[in-house]
Amino acid sequence: VKLSEVISEARIRLDFKATDKREVLRALLDGLGGGYDADALLAGLLEREELGSTGLGRGVAVPHVRLDEAQDLAVVFGRPAKPVDFGAVDGAPCALFFLVIGPTRKESQEKYLQAMAKISRMMRDAAAREKLLAAKSAAEVVGALAAKEA
Amino acid sequence: MDERTFHNILLVVEGADGDRNAALAAIDLAVLHKAKLVVLNVVDVALINRMKVLTAQSASEIEIEMEEKGWRALYYAEETSKGRGVPTTILQKSGMPAHEILNEAGRLGIDLIVMGYPRRVAGQARRLAHGHIERVVEESACAVLVAK
């Protein structure tokens, strides 16, 4: 899974206004595009968050869910104007979000797990996080991800 | 009075064949006791150094592979446990597995550690894994379940 290919510029949301978990997820879902029931997705994501935050620490969160109607893996990158409390394991507010949507088909599971594993592993690197925090455009975000994957 | 035996369960996953039975046991117990589940993967630094000697890969390449394998195992367990309504947190650490497991168990107020028993790994990796299990069983302040 190449994140720089899965995350197109159209699926990058920068400097959006959000003050809580619901607003962050809503903004990320706006970046997903058509073909999804955003209200049902939001409800599903919030329900999962209730069972444990997807905030991994170091200012990064990877909210994720699998859906029957998803045809393929979809990832939206988002960076709110100000970091948001997402209930992360380290208690720090989150500034970098990767929304991962995957199909429920069993054969798609590995790709879905791989994408989240790759994001989580890459975001342990402080330099990679800094580049995403400093990116001024969607193109710079894709460039930063591609450079990290090279 | 709260009569549950377990409130906080720590499930250790390695991305190995022992994970499945450990996850099933931990999740069943978490459901039964209405407990919270913490899923932990430790990237074994000693194993990285040993594998570096045995393969043509660099330490950083091996580390990347092990980290991603660990995250896949963490997310797989999280999917399964949240699917059954269990409050779940996932964590990855680097270091010596037994030390990190015992450390996290103390820090998080864990009252049961669940670990898998790897069958299909061989050689040094198997000896290392069994060594970690033995040390956790010996030194843990709480109950330990090794699932075969």
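Predicted model: local features only at pLDDT ≥ 70, side-chain atom pairs only at ≥ 80, totals over all residues.

Biologist: Which residues line the largest cavity?

Modeller: From chain A you have A:S53, A:T54, A:G55, A:L56, A:V62, A:H64 and A:V89, and from chain B there are B:Y75, B:E78, B:T88, B:T89 and B:I90. About 60 Å³ of space lies inside the largest cavity.

Biologist: Which element gives the most to that lining?

Modeller: That's β3(B), with three residues. At least two residues each come from β2 of chain A, and from α3 and β3 of chain B.

Biologist: How many cavities of 30 Å³ or more does the structure hold?

Modeller: Two. The second largest cavity has a volume of about 30 Å³. Its lining is B:V12, B:E14, B:A16, B:G18, B:D19, B:G116 and B:P118, which by class is three nonpolar, two polar and two charged residues.

Biologist: Now the pockets. How do I tell a pocket from a cavity?

Modeller: A probe that fits in a cavity cannot get out, whereas a pocket is open. Here the largest pocket has a volume of about 580 Å³. Of its 29 lining residues, A:V89, A:D90, B:T89, B:I90 and B:L91 are the closest to the centre.

Biologist: Which elements supply at least two residues each to the lining of the largest pocket?

Modeller: They are β2 (55–57) of chain A, plus β2 (36–44) and β3 (88–95) of chain B. Again β3(B) comes out on top, giving six residues to the largest pocket. By class, this lining has 13 nonpolar, nine polar and seven charged residues.

Biologist: And what is the volume of the second largest pocket?

Modeller: About 480 Å³. There are 25 residues in its lining, and the closest to the centre are B:E14, B:A16, B:L47, B:M66 and B:K69. Two or more lining residues come from each of these chain B elements: β2, α2 (45–54), α3 (59–83), α4 (97–107) and α5 (123–139). The class count is 16 nonpolar, four polar and five charged.

Biologist: Let's turn to helix packing. At what angle do α2(B) and α3(B) cross?

Modeller: Roughly 130°, with axes that come within 9 Å. Angles of 65 to 115 degrees count as roughly perpendicular and those over 145 as roughly antiparallel, so α2(B) is oblique to α3(B). Their crossing is right-handed.

Biologist: Which residues make that contact?

Modeller: On α2(B), look at B:L47, B:I48, B:M51 and B:K52; on α3(B), find B:A59, B:I62, B:E63 and B:M66. Sorted by class, the contact has six nonpolar, no polar and two charged residues.

Biologist: What about the packing between α4(A) and α3(B)?

Modeller: Helix α4 (residues 109–122) of chain A packs on α3(B) at about 120°, with the axes 8 Å apart. That angle makes α4(A) oblique to α3(B). This crossing is right-handed. On the α4(A) side, the residues include A:Y112, A:L113, A:M116 and A:A117, and on the α3(B) side they include B:I64, B:W71, B:Y75 and B:Y76. The contact divides into eight nonpolar, three polar and seven charged residues.

Terms used: Residues numbered from 1 in each chain as written. Chains lettered and ligands numbered in written order. Heavy atoms only, no water. 1 Å grid on protein atoms, 1.4 Å probe; cavity = no way out; pocket = protein on both sides within 12 Å on 5 of 7 lines; lining within 4 Å. Points joined across faces, edges and corners; volume = space filled by probe spheres on them. Helix = DSSP H or I, 4+ residues; strand = E, 2+ residues; numbered from the N terminus. Nonpolar A, V, L, I, M, F, W, Y, C, P; charged D, E, K, R; others polar. Axes fitted to C-alpha atoms, helices over the stretch in contact; angles between N-to-C directions. Parallel < 35°, antiparallel > 145°, perpendicular 65-115°, else oblique. Left-handed = near helix turned anticlockwise from the far one by under 90°. Contact = heavy atoms within 4.5 Å.
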